[in-house]
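Biologist: I would like to learn how to read this structure. Please take me through it feature by feature.

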Amino acid sequence: MPHTRVLAVFLRLAHMRYRKSRLFCINLHLCVIFIFADMKNIYNIYKLASRIKSQRLKLLGIALFHIMGRRYAGIFFDPILACNFRCKMCYFSNKKKRQTTSGIMPVADAELIAKSMFHRALKLQIGCGAEPTLYRDIEKIIRLGRQYGIPYISLTTNGYLLTKESLCRYIEAGLNEVTLSMHGVTKTTYEMLMVNGNYEKFRSLINAIIEIKRLYPHFKLRINYTMNADNVEELASMFECFPDLPVDVLQLRPIQKIGDSEYNNFSTDKLTECYDTVISPLQKECEKRGITCIAPSKENLAALDSSETDDMISEFTYWYISPSSCWKADYDFHTDTFESYSRKHGVWRQIIKAALLPTRKHKVNVTRKMNYSVK
Ligand code: SF4
């Protein structure tokens, strides 16, 4: 179907559903901007997406991207299920869970997966629920991302095994961003929560990244900070402890139960209590420094407490891949492509249904980033 006809169908559907809405025109304009947004800057896309308040309109946009063969997915790729840390908030701190979490993806499988799905990805995040730098062929995965034209490739790591040299190699291979996990600002909290971590080593890596950013000015550093009752207050001293922190994106994630772990205070009460004195001022400081801050709003925190969400966007845009799973349980990357599977299972119809039928709330226990406001 020609793209203009698809666009006309989309506009007609959106108009039928939203003709009485005053915000329709604004949202529609934002959708059009979104379609033509600079795909290289994923955070601009998140910002635009967070400005479109209507989930239905976003879903219609996704349906449009789907049918036009455009990229709209975020691929979250764990090529190895292992970690050298035993962070207290993570399931790797649980012996039983460690024994059942294992696997290494053969490079040949990674190649097949890339061939069948990477052309529809807007972002490739390597490392999601494990430590990717333990995977010997990490550079190969980055190269596959570049080969299939994924506009944004990010590596999420605890950073322990990274060196200035290895990071430079990954950047040359196509890496756009490194995301470092950091669960404490001070040495005491960092090493207490990130078991096997070393604060001095982390600081040296930060210094190496300062140098790397001089060589590669477009390379981005993101920090993921999981907030809990014991580390949220010290966020207030982030820029005192790290005055030259070369961070481009700071993500503050509330603690969530993602499996059995040594740390078991999952209450977000303290985070709500510190919101106006710590989280909000930090967001403002980030804004002043030109840093993108991805943080939950107070409403997001309340929604997490209820463990229910009506978020349907991530149902269609969040694709998880590991040595033991690939996107959907019945997706076989040996024989399927994203397009053949979608045709067989009516994915486009599912998106349209989600956009037009009444929304149902469902249980969640994992944070997905599009839930957060981006500042
Ligand atoms: S949080 Fe990350 S670094 Fe820490 S144990 Fe879990 S996977 Fe490893």
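Modeller: Helix H4 is mostly covered, with eleven of its 13 residues buried. A residue is buried if 20 or more other C-beta atoms lie within 10 Å of its own, exposed if 12 or fewer, and partly exposed in between, with C-beta atoms placed from the backbone. Helices (H or I, at least four residues) and strands (E, at least two) are DSSP runs, numbered from the N terminus. This is a predicted model, in which local features need pLDDT of at least 70, side-chain atom pairs count only at pLDDT 80 or more, and totals for chains, interfaces and linings use all residues. Residues are numbered from 1 along each chain as its sequence is written.

Biologist: Which residues of H4 are buried?

Modeller: They are Arg 56, Leu 57, Lys 58, Leu 59, Leu 60, Gly 61, Ile 62, Ala 63, Leu 64, Phe 65 and His 66.

Biologist: How is the span of H4 read, from its first C-alpha to its last?

Modeller: The expected span of a helix is 1.5 Å times one less than its number of residues. H4 covers residues 55-67, and its 18 Å reach is close to the 18 Å expected. After H4 comes Gly 69, with a positive phi near 75°.

Biologist: How are two packed helices described?

Modeller: By the angle between their axes and the distance between the axes. Axes are lines fitted to C-alpha atoms, for helices over the stretch in contact, and angles run from 0 to 180 degrees between N-to-C directions. Here H4 packs against helix H17 (residues 347-356) at an angle of about 165°, and the axes are 8 Å apart. H4 is therefore roughly antiparallel to H17. Angles under 35 degrees count as roughly parallel, over 145 as roughly antiparallel, 65 to 115 as roughly perpendicular and the rest as oblique.

Biologist: Which hand does the crossing of H4 and H17 have, left or right?

Modeller: The crossing of H4 and H17 is left-handed. A crossing is left-handed if the near helix is turned anticlockwise from the far one by less than a right angle, and right-handed if clockwise.

Biologist: What is the angle between H7 and H8?

Modeller: Helix H7 (residues 138-147) and H8 pack at about 25°, with 8 Å between their axes. That angle makes H7 roughly parallel to H8, and their crossing is right-handed. H8 (residues 164-173) also packs with helix H10 (residues 199-215), at about 40° and with axes 10 Å apart. H8 is therefore oblique to H10, and H8 passes H10 in a right-handed crossing.

Biologist: How far apart in space are Trp 348 and His 66?

Modeller: Their C-alpha atoms are 6.8 Å apart, although 282 residues separate Trp 348 and His 66 in sequence. Trp 348 belongs to helix H17, and His 66 is one of the buried residues of H4. Trp 348 itself is partly exposed because 15 other C-beta atoms lie within 10 Å.

Biologist: Where is Met 192?

Modeller: Met 192 is in helix H9. Its C-alpha is separated by 8.0 Å from that of Lys 88, 104 residues apart along the chain. Met 192 is partly exposed, as 16 other C-beta atoms lie within 10 Å.

Biologist: Is Thr 277 buried or exposed?

Modeller: Thr 277 is exposed, because 12 other C-beta atoms lie within 10 Å. Thr 277 is found in helix H13 (residues 275-289).

Biologist: Which residues are around the ligand?

Modeller: They are Cys 83, Phe 85, Arg 86, Cys 87, Cys 90, Phe 92, Ala 130, Glu 131, Asn 158 and Ser 181. A residue is near a molecule if its C-beta atom, placed from the backbone, lies within 6 Å of it.
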